[in-house]
Amino acid sequence: METIFFYLVALVTVVSGYLVVRCQSPVNSGLALVNTFFCLAIFYVMLYAPFMAAIQVIVYAGAIMVLILFVIMLLNLGTEARKRYTHGVVWAAIASLLVLLNLVFFVKRGRVTGAEGDITSSLIMTEGHTELIGKALYTDFLLPFEIASVLLLVAIVGAVVLAKKDV
Amino acid sequence: MTEMLSMSNNWPLFVGIMLLKLVVVFAVTMLIVAYATWCERKVIGHMQTRLGPMRTGWHGLLQPIADGLKLFFKEDIIPAQASKVPFLLAPMMILVPALITIAVIPFGKDVTVGGFTVPLQITDLNIGVLYILAFAGLGVYGIVLAGWSSNSKYALLGGVRATAQMISYELAAGITIIAVFMLSETLSLREIVALQAGPLWGTITFLPDWYVYKQPLAFGLFIITGLAEINRTPFDMPEAESELVSGFCTEYSSMKYALFFMAEYANMIVISAIAATLFLGGWGAPLNIGILNMVPGVVWLLAKVFAIMFFFIWLRATLPRVRYDQLMQLGWKVLIPLALANLAVTGLVVVLQL
């Protein structure tokens with residue numbers, strides 16, 4: 001049951017990923033990308049990581065992609081974007097082929113099945129995924145977390161400075 | 001306490017009850033959507049000393065059905081210059097997020113069926129609040145796409161306004177909700193409702209411990225941002241009949257237009273239900289008196305939802321539309337700082353009490 005569902009979602013993900021590259025209009029590509037992100041969120045749910053799934057939808061599908069579509073709509077790129085950006089196709093194809101080989105190698109040789117480490121799916125079921133992430137972020141990884149927030153603040157201030165002619 | 005009914009212990013019963021819950025919740029929501037249009041016209045009519053719809057049925061009660069039939073038989077026009085796929089997708093992408101958000105709203109006490117506990121809620125996610133925020137974020141796409149794909153300047157202006165407005169107010173709404181689950185320490189809506197059942201402040205026994213008493217500012221902010229999220233007056237900039245014809249849905253006709261209309265009311269129900277669940281005790285009785293606790297929870301939840309919806313309709317009859325710059329000023333310079341201040345104060349109180 002779960003396997004069939006996985007292959008179904010995987011098919012949709014791959015097809016929408018293909019559509020991101022091949023769609024005529026940039027808006028349709030953007031929509032396909034939203035769909036890809038949404039499918040990734042479904043994978044997170046299937047991996048017992050509901051918090052990651054929600055954040056994936058909120059941040060990527062809900063916030064970033066809306067802004068990207070907004071910009072595409074405002075600039076009204078039309079079909080010219082497709083003609084202009086076709087020069088890197090060959091190299092991109094080679095690079096993605098190498099990544100695919102790499103992945104196949106890892107799946108064949110590595111230990112991808114079986115859970116290792118302290119956080120198991122049964123622990124997530126009893127403790128709750130959000131609680132586990134929250135505890136880890138605010139105890140063991142407090143410094144990286146705070147550094148990331150300072151980095152975001154710098155980015156926000158930078159965006160304001162760039163957007164405003166005279167501060 | 002009996003075992004929770006799930007897929008593993010009795011799957012035919014589980015699937016049956018799940019389908020039943022889905023059908024009932026969907027049917028009730030659709031019925032409320034249909035009659036919310038009638039209520040809105042009636043209430044605004046009476047507030048403006050008119051009668052509202054009177055001709056179809058007793059006091060116009062059959063008006064929603066007549067409207068539905070009319071829209072159903074209208075010609076479905078797709079503009080020649082429109083982008084077909086987004087144009088067709090947009091009405092669905094606005095209605096679906098609204099409807100699936102209702103899945104996490106609890107609507108009553110647990111019941112026992114065949115020796116198993118069944119929660120009266122379609123699904124109890126332990127990330128319930130985040131789920132709501134996620135799908136509220138996805139709701140923007142419908143309006144954006146409708147605005148862009150119509151290839152008309154009024155629709156595009158409506159879509160652009162909607163995007164800016166919804167992104168700005170989503171932030172404030174999110175920060176407001178965080179203050180609530182700082183108190184509840186859970187993201188599951190079922191537990192949030194259960195936590196609001198106790199006596200107020202632990203001392204006043206006849207009042208329930210609703211979060212609106214602890215978080216009055218958050219409740220006010222949530223109602224304002226909610227109004228902006230669902231694009232209702234005074235924040236109906238994306239539609240703005242007097243300046244943009246009909247905003248993002250100008251080019252739509254027939255059932256596609258009806259879907260936008262249904263989505264507007266479905267969103268109104270969703271925001272009311274979330275406000276009732278997070279701040280007004282969900283399906284709990286407004287007074288902790290035995291006889292009121294005997295009434296089924298659904299009645300209280302619906303009463304609260306209708307009260308908030310009535311308030312929204314009342315605002316529509318009262319307030320003029322705000323200007324676009326006023327809208328942005330309010331969102332970024334008033335609501336977000338207030339929400340952040342509320343969050344900081346709540347955090348301080350939570351830390352000092354423990």
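Chain A of this predicted model is built with eight helices and zero strands. Walking along its sequence gives the plain pattern α-α-α-α-α-α-α-α. Of the 167 residues in chain A, 17% count as buried. As for contacts in chain A between residues at least 6 apart in sequence, 53% of them join residues at least 24 apart.

How confident is the predictor about chain A? The average pLDDT comes to 82, and 87% of the residues score at least 70. Among the elements of chain A, helix α8 (residues 142-163) has the highest mean pLDDT, at 91. At the other end sits helix α4 (residues 80-84) of chain A, with the lowest mean, 56. Where pLDDT is low, the predicted coordinates should not be read in detail.

Next comes the place where the two chains meet. Chain B puts 20 residues into the contact, and chain A puts in 20 residues as well. On the chain B side, α3 (84-101), α4 (128-138), α5 (140-149) and α6 (153-184) each supply at least two residues. Of the elements on that side, α4(B) gives the most, with six residues.

The largest one has 110 residues, and Ala54(A) and Ala266(B) are the residues with the most contacts inside it. Helix α11 (residues 254-279) of chain B gives the most to this core, namely 16 residues. In soluble globular proteins, nonpolar side chains tend to be buried together. What does Ala266(B) touch, once neighbours within four places in sequence are left aside? The contacts of Ala266(B) are Thr29(B), Val33(B), Leu95(B), Ala98(B) and Leu99(B).

A last stop is Thr346(B), which lies in helix α14 (residues 324-353) of chain B. Is Thr346(B) buried, exposed or partly exposed? With 19 other C-beta atoms within 10 Å, Thr346(B) is partly exposed, because a buried residue needs 20 or more. Not counting residues up to four places away in sequence, Thr346(B) touches Ala179(B), Met182(B) and Leu183(B).

Methods: Residues numbered from 1 in each chain as written. Chains lettered and ligands numbered in written order. Predicted model: local features only at pLDDT ≥ 70, side-chain atom pairs only at ≥ 80, totals over all residues. Helix = DSSP H or I, 4+ residues; strand = E, 2+ residues; numbered from the N terminus. Buried ≥ 20, exposed ≤ 12 C-beta atoms within 10 Å, placed from the backbone. Contact = placed C-beta atoms within 7 Å. pLDDT = per-residue confidence, 0-100. Core = buried A, V, L, I, M, F, W, Y, C linked by C-beta atoms within 7 Å.
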